Amino acid sequence: MGHSSLEKIIALQRNPANIRNLCILAHVDHGKTTLADCLVASNGIISSRLAGKLRYLDSREDEQVRGITMKSSAISLHYANGGQEYLLNLIDSPGHVDFSSEVSTAVRLCDGAIVVIDAVEGVCPQTQVVLRQAWLENIRPVLVINKIDRLIMELKLSSQEAYTHLQKILEQVNAVTGSLFTSKVLEERAEKNKEEEEKEGEAAPDGDQVYDWSAGLEEADDSHLYFSPDQGNVVFASAIDGWGFSIQQFVHIYSQRMGIKAEVLLKTLWGDFYLNAKAKKIMKGAQAKGKKPLFVQLVLDNIWSLYDAVVTRRDKEKVEKVMTSLGVKVMARDSRHSDPKVLLSAICSQWLPVSRAVLSMVCEKLPSPLDMAAERVEKLMSVGARRFDSLPEKTQELKKAFLQCSSEENAPVIIFVSKMFAVDVKALPQNRQRPLTQEEISQRRELARQRHAEKLAADQMAATEGNKDHGQPAGLGTAKMESLTLKESKPEEEEEQRETFVAFARVYSGVVKKGQRVFVLGPKYDPAQGLSTLPENCTASDCATEVPYLSRCSMESIYLLMGRELEELEEVPAGNVLGLGGLEDFVLKSATLSTSAACPSFAPLNFEATPIVRVAIEPKHPSEMPKLVRGMRLLNQADPCAEVLIQETGEHVLVTAGEVHLQRCLDDLRERFAKIKIAASEPIIPFRETVVRPPKVDMVNEELGRQQKVAIIHQVKEEASQSRLSDNLHVDPNGLVTLTTPNRLATVGVRAIPLPQEVTSLLERSSELIRTLEQMNLSLREGKNLDISVGTMDAIAGLKAQLENLLQGRRWRSAVERIWAFGPRRYGPNILLNSVEGYQRPSVWQCLNRGGEVGEAGAPAAGLRDFDSSIISGFQLATLSGPMCEEPLMGVCFSIERWDIQSSAPSQNQDSPLDISNEGLAEVHEASPAAAAGLNQARRRADAALADCYGPVSGQLIAATKDACRHAFQAQPQRLMAAMYTCEIMATAEVLGRVYGVLGKREGRVLNEEMKEGTEMFIIKAVLPVAESFGFADEIRKRTSGLASPQLVFSHWEVISSDPCWVPTTEEEYLHFGEKADSANQALKYMNAVRRRKGLYVEEKIVEHAEKQRTLSKNK
Ligand SMILES: Nc1nc2c(ncn2[C@@H]2O[C@H](COP(=O)(O)OP(=O)(O)OP(=O)(O)O)[C@@H](O)[C@H]2O)c(=O)[nH]1
Ligand SMILES: [Mg+2]
């Protein structure tokens, strides 16, 4: 990068009003990086001839090879518009779903976004996702409709058809924005109403009450949100041919040429208007009268005829004429080039350079860092469910600093790091070889000359002295050797340390200086706590008081991000995107840095992708394990979405968002972070275990009677009787499992009930909310009171109401109130239900009616309350791994129907912390055997003495609950659940059949199929099990010769209908399915695969036809 432009950028960084932080967002392959190339070329960083071919911001090798972007990268550009100089911090983002976390990291740092849409493909799934992401972060989008050349050359549309097509695309995008806006208005409205209600409740209203019937939609002005060419927020472009325009440019040309007022033309150039040549007037109703709309006549026709002349007909004369009329001059070699596209882009990029159109729009329509909305600041600063106005006063004051974006000396420094990226140490500017200045060259020359002279002198000395003394040269020799070995050992060290991390960040306030010390605020950091613990006015450099989740670090180096390169800077003022070096030990993936301890940590990034593909990884040579561990740690830090964990089995597991992401992570591990050969297992596919209502028909579609049920119970009994627990376990024919702890002090009775599917998916969707609920309950139990926003309370009440609505019927009477816990991990999609008669415990919904403590334990159950948490723990363990293949459960309700505990307090138990205080019996269940009480009493006493050898009661109760749940689960018809992807495949009619073929083979199901308007493309929506998805995208691409490439997005869990435990019972079935019945049983296959992987017992025969083998050997 030139010295002068670096200086210029540094100067521009000081003027936030002229800074634009923006990112480019789109569906995969819609041309983001190509467009970025054109913008980069306008700054002379790459040649304009190469723009669109180089894909400069795709700096990784695999990005270039695969042709897709895999990470977001930033570059700073300058642009002069309307007499002002602007600084543009541009971030290119990937469009592939697997990397959508990279989009989140980019969007967070920006104030605006360029949304690119392929004119042929229109609004695609990922387009909607990025629009939502931009919306969630409150950043303003502008639109570029790209690849217009494809409408001309590929679809061969006429200019009129193209106009209609473009109109449709705009409608589609605006529909997405509209729905986002509507939902927000309604939400806000609800919140406002609620707050008003609360206020009214506090202060009794006096005077008139006004009721507002409108939903607030009418009064909310949303016109600025929509994309419309006359608003100036839409550019039509072909990035590959280097042209692009907004209608303002044409308004400018034609208002002079035709003598029409610019304002009039601006309003009418896009829309249903036409030119009445006779009356010299612009009239409305072009469509109805069958006239050419102005846009077609004045804009599109010109472009169409240019393409026609240059590319289709290659009409030299016409081209000459056009060029002179446009005032364009083209180099001779371009006009003689065999590819007409070269000439075309040479003409177009002078006539309507895409960079000018896009950058002017960006400067005019996107907000500067000074325009940050207060709403956005509050959203960034209030973490989770906390209300902004419940934060400490000093923290709330920081809002001003945000809004001012001030670079004053005393302004607090606030920085957000959205990701860490790995950089080769050699690529850092401090280690890069710079071209030497004239002065340095002459200095070096002088030095070399001196050294040469010294050497000559030394040689002469040695030659003369060597005759006298032989020791000297030998001494010199060793010195040389030493210096050599020193040199050799150095590169090796570097080899180890070749990757360093740079933080991708933005300064929101203050000036970041090299060497400055700041606080690193962890996600759980509480400014109230920090402020009260730290001495007044202390800074990160002068006090060392320990505060939880607060650490300190210093800015070792500051960089300007220039795509593939970094430039070192001394300081960066507020409002800019920058790179920070030397934070790798303090920041894992993202962080908030500030000089003020009052600053809260920013709201976490909104990630759209769920990491779902996991593989186990091991080094090829076991001795290289430490290298692998280190490599995985680096990878974890360098990727916003990848997760690295060690499973209970000791395997190192990598969890990624999809196949492409996985591939990239493995490449990174092999080539950058671990630099060893590694072996990755087949992807580990997650399953869930569940129970279902007894099916009406069996595998061979035969009616099932009651005997089936009995058979299952029988089986459970048999299994149980073999185990150690046999005499403690009782299974009744209705599926109620009763289990007594080994010390016979406690008994639990559990029944497993399938949850309705809607409930399961509701719980699954609300997991975050349930987590918040649990946290609130925890803090209530500890006597603290969290300040929760109205929205969150509403959401919890809403969840409860929804559950009540869904859980109807006799079986679920008052079930929602009786919910004991959710699991696994306290927020999973399974429910523990309290159906113990007479046992009262605080409801999980207690936070809803704060203050009024409900359902405090009744007197008889006091003994039980002490063990309440053991039951919950047992349930958590049981739901974490099921009996089928130790995968988590889903959609199961465990109803505890009986729970007895006898608290005998023998003297030896006195010092145990879990001791039960009240002597005697806490019998709750009435049905407990009353007979033989005397005998029981005697037995109990003996057992009590034994109690110690089994450990504390609470521990036994956990194990007993867990086992009881497992047995109860097995007493119901069990099923596996498979993770499902949804995908949208765009394909032409010719290859449609093949797409269906591939889908069918992989157990995919087509949901719908429709034709994309105005094109010959079909859009197929399908679901596909994750287990069958590996290689799917490749296979589709191969079978359709690259015409269709699907993107897989995790969508939901689905029950596999076949019963994995089914065995043939009749002869007919035996003949049909064979002895093992595994030929058609997909669920059994999956289950066995998982069991085998986990090293669990798999019931299958290994030798299939033993006799044959024996005869063979005999004959020998
Ligand atoms: N015909 C035509 N092709 C284009 C245009 N712009 C880009 N392309 C082509 O579209 C393909 C994808 O372009 P990219 O710029 O890599 O797309 P992207 O949006 O960056 O893709 P990802 O980063 O992987 O999401 C390339 O083959 C480009 O040559 C255009 O204006 N017209
Ligand atoms: Mg790209």
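**Metal site.** I began with the magnesium ion (ligand 2) in this predicted model. T33 (OG1) and T69 (OG1) coordinate the ion at 1.9 Å. Donors are N, O and S atoms within 2.8 Å of the metal (3.2 Å for Na, K and Ca), and water is not among the atoms, so sites may look incomplete. I then placed the two donors. T33 sits in helix α2 (residues 32–41), and T69 in the loop between α3 (61–66) and β2 (73–81), so the pair ties together parts 36 residues apart in sequence. Helices (H or I, at least four residues) and strands (E, at least two) are DSSP runs, numbered from the N terminus. Both T33 and T69 are buried. Buried means under 20% relative accessible area, exposed over 50%, and partly exposed in between (1.4 Å probe, protein chains only).

**Ground rules.** I noted that residues are numbered from 1 along each chain as its sequence is written, and that chains are lettered from A and ligands numbered from 1 in the order in which they are written.

I checked phi next. K156 is not a glycine, yet has a positive phi of about 55 degrees. K156 lies in the loop between α6 (148–153) and α7 (159–202). With a relative accessible area of 61%, K156 is exposed. C405, also not a glycine, has a positive phi of about 50 degrees. I found C405 in the loop between α17 (393–404) and β10 (414–424). At 4% relative accessibility, C405 counts as buried. I also logged a cis peptide bond from G823 to P824, with omega near 0 degrees. P824 is in the loop between β28 (819–823) and β29 (830–834).

**E556.** Is this residue buried or exposed? At 52% relative accessibility, E556 counts as exposed. I placed E556 in the loop between β14 (550–554) and β15 (557–562). Leaving out residues up to four places away in sequence, E556 touches K514, G581 and G582. Contact means heavy atoms within 4.5 Å. E556 and L580 are 24 residues apart in sequence, but 7.5 Å apart in space, C-alpha to C-alpha.

**α31 and α32.** Helix α31 (residues 989–1001) packs on helix α32 (residues 1032–1039) at about 150 degrees, with the axes 9 Å apart. Axes are lines fitted to C-alpha atoms, for helices over the stretch in contact, and angles run from 0 to 180 degrees between N-to-C directions. The two helices are therefore roughly antiparallel. Angles under 35 degrees count as roughly parallel, over 145 as roughly antiparallel, 65 to 115 as roughly perpendicular, and the rest as oblique. I listed the contact residues: R994, V995, V998, L999 and K1001 of α31, and F1032, E1035, I1036 and R1039 of α32.

**α28 and α30.** The axes of helix α28 (residues 868–880) and helix α30 (residues 953–970) come within 7 Å and cross at roughly 40 degrees. That makes α28 oblique to α30. On the α28 side, I noted contact residues including I871, F875 and L877. On the α30 side, they include L957, I958 and C965.

Conventions
This is a predicted model: local features need pLDDT of at least 70, side-chain atom pairs count only at pLDDT 80 or more; totals for chains, interfaces and linings use all residues. Side-chain values use heavy atoms; hydrogens and water are left out.
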